Amino acid sequence: AYEALATWNHPRRGAITFDELMPMAEQKGLIQEISAWMFDAACTTATTWDSDLRLCVNVSPVQFAYGSLAETVAAALEKSGFPGGRLELEIPETALVGDERDVGSVLGGLKSLGARLALDHFGAGTSSIARLRAFAFDRLKIDESFIASLSTDPRSAAIVRAILNMGREMDIEITAEGVDGERQATMLGQMGFSELQKRL
């Protein structure tokens with residue numbers, strides 16, 4: 001899989017990364033337009049990939065709250081011809097703190113398009129484990145803060161193992177985020193991880 005991340009090449013400041021650009025877009029009320037463009041561009045590009053590759057796209061909590069996310073994604077899929085089953089949407093934990101029925105309605109609309117749902121930065125946000133019972137996520141992405149301290153903090157390693165075991169019991173795929181170097185990759189492989197996200 002590949003994760004689509006937008007970068008703005010500012011004429012004076014140079015490259016503004018995704019982590020800085022998205023909060024800026026939220027504050028300025030531009031997140032809807034930028035996200036729609038991102039879905040269009042990413043899905044169109046991904047149609048040229050091998051059929052076994054997935055496309056992952058981050059969803060902003062602000063965009064999630066508008067309630068029109070499924071329509072935006074559906075329009076991008078229809079326009080590009082990219083199959084919904086190869087699209088994975090990364091939902092931050094902070095997007096799940098609203099009314100359970102409203103959250104469930106948005107997630108249900110996305111699932112109806114065939115898209116897979118990943119709970120992003122798991123363990124570092126504000127949602128409770130009870131949300132995993134309420135909503136049908138296909139994947140949990142363990143926050144990179146736990147991965148970064150894997151070899152130096154036994155508690156981080158214990159948490160990572162616990163999340164992996166919980167995922168197996170719930171039939172949810174687990175991905176370790178921000179893997180940096182062979183040492184971390186080897187440790188995670190020994191724990192039983194089959195999918196890692198490398199730090200760029």
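Reader: At what angle do helix α4 and helix α5 pack, and how far apart are their axes?
Author: Helix α4 (residues 69-80) and helix α5 (residues 100-111) pack at about 15 degrees, and their axes are 8 Å apart. Helices here are DSSP runs of H or I with at least four residues, strands are runs of E with at least two, and both are numbered from the N terminus. Axes are lines fitted to C-alpha atoms, for helices over the stretch in contact, and the angle between N-to-C directions runs from 0 to 180 degrees.

Before we go on, this is a predicted model: local features need pLDDT of at least 70 and side-chain atom pairs count only at pLDDT 80 or more, whereas totals for chains, interfaces and linings use all residues. Residues are numbered from 1 along each chain as its sequence is written, and side-chain values use heavy atoms, leaving out hydrogens and water.

Reader: Why do you give both an angle and a distance?
Author: Two packed helices are described by the angle between their axes and the distance between the axes.

Reader: So are α4 and α5 roughly parallel or roughly antiparallel?
Author: They are roughly parallel to each other. The cut-offs are under 35 degrees for roughly parallel, over 145 for roughly antiparallel, 65 to 115 for roughly perpendicular, and oblique for the rest.

Reader: Which residues make that contact?
Author: L69, A70 and V73 take part from α4, and V106, G109 and L110 from α5. Contact means heavy atoms within 4.5 Å. By class, the contact of α4 with α5 has five nonpolar residues, one polar and no charged ones. Nonpolar covers Ala, Val, Leu, Ile, Met, Phe, Trp, Tyr, Cys and Pro; charged covers Asp, Glu, Lys and Arg; the others, Gly among them, are polar.

Reader: How do α2 and α4 meet?
Author: The axes of α2 and α4 come within 9 Å and cross at roughly 35 degrees. Their contact is made by A36, F39, D40, C43 and T44 of α2 with L69, T72, V73, A76, L77, K79 and S80 of α4. By class, the contact of α2 with α4 has seven nonpolar, three polar and two charged residues.

Reader: Is T72 buried or exposed?
Author: T72 counts as buried, because its relative accessibility is 17%. Buried means under 20% relative accessible area, exposed means over 50%, and partly exposed lies in between, with a 1.4 Å probe and protein chains only. Not counting residues up to four places away in sequence, T72 touches A36, F39 and Q63.

Reader: Changing topic, how many residues are in the largest nonpolar core?
Author: The largest nonpolar core has 55 residues, and L89 and I91 have the most contacts inside it. Such a core is a set of buried Ala, Val, Leu, Ile, Met, Phe, Trp, Tyr and Cys residues joined through side-chain atoms within 4.5 Å. Helix α2 (residues 31-46) gives the largest share of this core, six residues.

Reader: What is L89 in contact with?
Author: Leaving aside neighbours within four places in sequence, the contacts of L89 include F39, V73, L110 and A118.

Reader: Where is A118, and what does it touch?
Author: A118 is in strand β6. At 0% relative accessibility, A118 counts as buried. Beyond residues up to four places away in sequence, A118 touches E88, L89, E90, I91, F137, R139 and K141. The C-alpha atoms of A118 and L140, 22 residues apart along the chain, are separated by 5.6 Å.

Reader: What is the phi of H121?
Author: H121 has a positive phi of about 55 degrees, although it is not a glycine. Most residues other than glycine have a negative phi. H121 is in strand β6 (residues 116-122) and is partly exposed, with a relative accessible area of 34%.

Reader: And what about the phi of D171?
Author: D171 has a positive phi of about 60 degrees and is not a glycine. D171 sits in the loop between α8 (154-170) and β8 (173-179). With a relative accessible area of 72%, D171 is exposed.

Reader: Lastly, where does F18 lie?
Author: F18 lies in helix α1 (residues 18-27) and, at 15% relative accessibility, counts as buried. Apart from neighbours within four places in sequence, F18 is in contact with L5, A6, P23, M38 and N58.
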